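The structure is shown first.

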Amino acid sequence: MSDSVEEWQVVRRGKGASRKFKPHHQIPPASACLQEQLDVQKLVRRIRDTVSELRVEELWQQWKNQLLLATSTSLSRPSERSETDTQQDKDTEGTVQQHLECMCYGLGSFSSCVSARYQLAMLLLLLDAGQIPLKNCSLYDPAFSSAERDVLRGLGLTVLTENEEGKRLATKPTLFYLMHCGKALYNNLLWKNWSPCCLSLVTIIGNCFSGIRERTIERELRRDYCYISKAVDLCEERLLPCPSRLIDVFSDTAVITFPSDRLNKLPQSTWTDSPEPQYQHCLDLEIILKQTCISTSPVTGDR
């Protein structure tokens with residue numbers, strides 16, 4: 001792909017780190033700008049090094065194979081694409097090449113958190129393997145500093161400014177990268193796509209639903225996270241390998257898909273009664289809601 005991870009260049013620099021990391025004493029503007037630029041460059045080098053480290057791991061080849069296997073079915077399905085989009089995707093032989101979209105929530109502060117940096121590196125490798133243009137991958141996390149947002153944009157990724165709370169509708173085959181996010185984020189995503197048409201377009205790389213069910217009291221799962229509770233029996237999970245040294249980074253991760261033949265066999269009543277989640281009874285919601293999202297919020301999930 002033309003915007004391969006091997007060709008990264010930072011195109012925006014000097015925006016600086018988050019306010020909470022700035023020292024209290026006054027810094028001359030020129031010195032501050034130089035320091036911020038060096039910080040961004042150093043962060044990009046760290047990300048590149050982490051990508052290179054993962055690329056030679058057997059772990060990466062196994063993840064790559066599972067992703068390509070999972071997405072081959074969704075890419076073969078027709079999606080709601082405009083005539084202009086279809087024309088732009090035609091190659092020189094006149095065939096149509098369909099790309100996945102990608103959405104990443106809850107990555108965390110990858111400048112200060114090693115686990116988040118490994119997860120970002122894995123995301124970049126997956127985009128390359130799946131031939132997903134970097135511009136077609138959007139990310140959101142209120143924990144991102146201004147410098148981190150600049151790094152992501154400089155790599156060619158799209159940084160969202162609005163907290164969607166995970167409620168994004170898939171209108172074309174979409175990979176959702178949700179590493180160690182809270183249950184509410186998964187539940188919101190499932191609710192927004194709660195139909196055979198939309199769910200069949202969804203591929204998730206994140207915490208396996210069967211593991212969530214095992215760790216959650218059944219009564220609470222059905223009451224507070226009913227879409228996860230239902231999805232466990234509708235989805236197909238492929239557990240991804242995780243070496244012991246990266247257990248805090250990639251443990252309990254699976255590729256989750258929703259086979260069309262399985263969804264279409266269910267009665268229509270499965271899809272008709274689908275109220276929006278409210279979470280009135282949740283004491284530890286593990287998500288930053290839109291109305292309470294502020295710049296000092298540290299996390300979006302249960303990292």
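Is Asp 224 buried or exposed? Asp 224 is buried, at a relative accessible area of 9%, where buried means under 20%, exposed over 50% and partly exposed in between (1.4 Å probe, protein chains only).

## Basis

The model is predicted: local features need pLDDT of at least 70 and side-chain atom pairs pLDDT 80 or more, while totals for chains, interfaces and linings use all residues. Residues are numbered from 1 along each chain as its sequence is written, and side-chain values use heavy atoms, without hydrogens and water.

Helices (H or I, at least four residues) and strands (E, at least two) are DSSP runs, numbered from the N terminus. Helix α4 covers residues 114-129, and its 16 residues should span 22 Å at 1.5 Å a residue, the expected span being 1.5 Å times one less than the number of residues. Its end C-alpha atoms lie 23 Å apart, which agrees. Of the 16 residues in α4, 14 are buried.

Tyr 140 belongs to strand β2 (residues 137-140) and is buried, at 9% relative accessible area.

## Salt bridges

The structure holds 13 salt bridges, each a side-chain nitrogen of Lys or Arg within 4 Å of a carboxyl oxygen of Asp or Glu. Arg 223 pairs with Asp 224 at 2.9 Å between the closest N and O atoms; Arg 223 is partly exposed, at 39%.

Lys 172 and Glu 101 form a salt bridge at 3.9 Å, N to O. This pair links distant parts of the chain, 71 residues apart: Lys 172 is in the loop between β3 (158-159) and β4 (174-178), and Glu 101 is in strand β1 (residues 101-105).
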